[in-house]
Amino acid sequence: MEITYATSSSLDMSAAATAGRQVRVIPLQHPSTSSPSPGARPPPLLSSFRSKLKRTTATDWLELLVPCSRWIRSYRWRDHLQSDLMSGITVGVMLVPQAMSYAKLAGLHPIYGLYSGFVPVFVYAVFGSSRQLAIGPVALVSLLVSNVLGSIVDSSEELYTELAILLALMVGILECIMGLLRLGWLIRFISHSVISGFTTSSAIVIALSQAKYFLGYSVVRSSKIVPLVRSIISGASKFSWPPFVMGSIMLAVLLVMKHLGKSSKSWRFLRAAGPLTAVVCGTAFVKIFHPSSISVVGDIPQGLPKFSVPREFGHLKSLIPTALLITGVAILESVGIAKALAAKNGYELDSNQELFGLGVANICGSFFSVYPTTGSFSRSAVNNESGAKTGLSGIITGIIMGCALMFMTPLFREIPQCTLAAIVISAVMGLVDYDEAMFLWHVDKKDFLLWTITSITTLFLGIEVGVLVGVGFSLAFVIHESANPHVAILGRLPGTTIYRNVQQYPESYTYNGIVIVRIDAPIYFANISYIKDKLREYELDVSGDTKRGPEVERNYFIIIEMAPVTYIDSSAVQAFKDLYQECKSRDIQIVIANPNHDVLPTLARAGLVDLIGKEWYFVRVHDAVQVCLQHMQNLTESSSTPKSSSGDLMTPRRQSSFLQRLHRLRSGEGNPSTEPLLSHGEV
């Protein structure tokens with residue numbers, strides 16, 4: 001079939017100019033609705049999987065099962081070894097005091113923090129896919145462990161430690177399951193504003209929970225700000241100056257060193273050396289002056305962790321919600337950091353493989369007295385800044401931790417508790433993200449509202465409630481956007497055959513009797529009612545000073561541009577059938593333009609193509625407009641509609657319906673001189 005395109009001479013075409021001219025359009029290839037033959041090809045997804053499986057070599061399988069083989073095979077000793085050694089040592093020096101601090105935050109003995117910074121590091125280096133991520137104990141997960149287990153049993157009992165180890169096993173299993181089932185995409189539904197608001201409030205709660213080591217008296221254990229503040233105020237009479245002064249000095253030293261380390265590359269070693277410096281200074285002060293009012297860590301067992309199977313499975317059911325929560329937080333914190341570092345260093349990272357690596361690290365760690373671990377933002381940043389190139393840096397960090405466990409634990413006995421608290425506070429202060437709140441306020445008020453809701457609920461109702469409320473509102477916003485998609489009225493840009501949103505391009509013009517609508521979303525059961533309401537609303541809209549074409553009193557055609565519609569379900573198809581019948585009863589023809597290649601077969605199988613008519617499906621919006629204009633012009637010329645005494649057109653009841661006359665014209669009955677515009681073979 002000969003195909004002609006609109007030229008500049010037809011850009012301002014009026015209804016009169018279209019009369020008597022054959023309109024040629026780009027043919028739309030309709031899919032076959034017949035059942036596939038026995039020898040038909042398998043579905044594309046299955047075919048793609050089979051071909052991918054055939055292309056997978058033994059090396060590919062090795063890289064999939066043991067990701068460390070990727071960097072081992074391509075390791076450049078001269079270029080990478082020095083950087084990996086320096087970064088591994090730097091992170092190891094930073095991790096030793098942090099691990100003890102986070103264990104205290106979790107309500108555990110400091111030795112379990114050292115264990116958690118030892119075994120999982122080696123396991124992740126083998127099964128993890130990130131080359132810069134530094135895993136181990138982190139503040140947020142430690143607070144979650146403390147908050148939940150503290151409500152079950154007292155932290156001084158052995159059961160508390162056993163439950164923390166069991167929690168590591170449960171978290172690891174959940175992460176492995178999510179990785180194997182490729183469920184990493186679930187984290188996409190959690191908004192960045194939710195994560196920012198949650199971490200900001202959690203950082204404040206963590207800092208307040210460490211106040212007891214600064215103030216010298218006990219503070220209630222809680223993840224809510226009100227009980228913490230009330231407990232701090234009520235115990236003010238027991239305030240002790242020595243730990244407060246020492247803790248404040250250590251905190252000031254840490255913050256200054258962190259600031260200097262961030263401000264200049266030549267001073268960046270100070271950022272990692274800060275925790276070790278605070279520990280050395282605090283320990284030296286206690287060794288020299290022996291202040292009785294400053295509490296110290298106490299005895300720490302020497303040697304590597306021993307193999308033991310997690311126990312207390314009777315509490316498994318009560319720990320499931322906490323395990324799910326910790327898994328979610330760990331995924332958000334770890335996978336997000338890992339992806340950012342991978343993009344920065346120019347390699348691909350599979351989030352599902354990352355989940356599996358974290359899971360295996362926690363499972364193996366649980367057999368060596370480890371509590372839940374994940375990727376650390378601060379240590380990963382230091383690891384990357386120190387020049388880490390491969391997972392060897394993690395192995396070096398693990399060796400440093402092993403040496404500390406075997407030879408240095410007697411030196412940790414005199415570490416002041418307020419120094420460890422200062423390390424925790426300095427670490428979480430970077431999580432207080434007020435700049436993000438200001439950014440959201442200026443960019444998107446809805447995201448700012450989400451940030452505010454998550455922050456307030458986390459502060460006043462607790463971390464668990466804060467996470468659930470934040471995720472709930474985030475999903476609610478997603479559902480609302482999905483259920484209320486953008487539907488635009490299109491107009492023609494002057495001098496072109498391009499149709500765009502009339503609100504975005506006020507200079508565009510529309511045609512009398514024709515409504516052109518674009519649906520900018522997949523169509524399914526949740527949003528089809530909204531779309532139908534919008535189409536009815538636009539159907540009745542005949543106002544506008546920029547309309548052209550034949551002078552008609554109402555709309556006769558609704559052209560639906562379906563290029564952005566990537567999916568349509570059975571509910572939406574049925575709704576479109578109902579809409580077609582409604583429009584037919586009002587003498588309005590529905591026209592479909594540019595349907596997606598995944599959508600058109602669904603419409604064909606549902607019978608919607610035959611119901612509307614193949615001749616009313618077009619490749620371009622412009623083709624549809626030209627055909628509709630010519631139909632209206634031919635109908636206007638072929639009908640001798642009587643006029644009333646006032647000169648107005650008679651009402652539809654006194655004349656044949658528009659669709660009936662349209663059908664006669666298409667059949668060549670209404671006007672012998674006008675041939676059908678489109679035969680079934682041309683469409």
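**Overview and helix packing**

Tutor: Of the 683 residues in the protein, 50% are buried, where buried means under 20% relative accessible area, exposed over 50% and partly exposed in between (1.4 Å probe, protein chains only). This is a predicted model, in which local features need pLDDT of at least 70 and side-chain atom pairs count only at pLDDT 80 or more, while totals for chains, interfaces and linings use all residues. Residues are numbered from 1 along each chain as its sequence is written, and side-chain values use heavy atoms, with hydrogens and water left out.

Student: How many helices and strands does the protein have?

Tutor: There are 28 helices and ten strands. Both are DSSP runs numbered from the N terminus: helices are H or I with at least four residues, strands are E with at least two.

Student: Ok, helix 17. Is it mostly covered or mostly uncovered?

Tutor: Mostly covered, as seven of the nine residues of helix 17 are buried. Those are Ser 378, Arg 379, Ser 380, Ala 381, Val 382, Asn 383 and Asn 384.

Student: What covers them?

Tutor: The cover includes helix 5, strand 1 (135–136), helix 14 (269–289), helix 15 (316–345) and helix 18 (392–408).

Student: At what angle do helix 5 and helix 17 pack?

Tutor: Helix 5 (residues 77–105) and helix 17 (residues 377–385) pack at about 165°, with their axes 9 Å apart. Axes are lines fitted to C-alpha atoms, for helices over the stretch in contact, and angles run from 0 to 180 degrees between N-to-C directions. Helix 5 and helix 17 are therefore roughly antiparallel; the classes are under 35 degrees for roughly parallel, over 145 for roughly antiparallel, 65 to 115 for roughly perpendicular and oblique for the rest.

Student: Which residues make the contact?

Tutor: On helix 5, Ser 87, Thr 90, Val 91, Met 94, Leu 95, Gln 98 and Tyr 102; on helix 17, Ser 378, Arg 379, Val 382 and Asn 383. Contact means heavy atoms within 4.5 Å.

Student: Is Asn 383 buried or exposed?

Tutor: Asn 383 counts as buried because its relative accessibility is 3%. Apart from neighbours within four places in sequence, Asn 383 is in contact with Ser 87, Val 91, Arg 131, Gln 132, Leu 133, Ala 388 and Ser 393.

Student: And helix 5 with helix 14, what is the angle there?

Tutor: Helix 5 and helix 14 pack at about 45°, with axes 8 Å apart. That makes helix 5 oblique to helix 14. Thr 90, Val 93, Met 94 and Pro 97 of helix 5 meet Ala 272, Pro 275, Leu 276 and Val 279 of helix 14.

Student: New topic. Which residues have the most contacts inside the largest nonpolar core?

Tutor: Ile 514, Ile 523, Ile 559, Ile 560, Phe 576 and Tyr 617, in a core of 56 residues. A nonpolar core is a set of buried Ala, Val, Leu, Ile, Met, Phe, Trp, Tyr and Cys residues joined through side-chain atoms within 4.5 Å. A second, separate core of 45 residues includes Ala 103, Val 145, Val 329 and Val 467.
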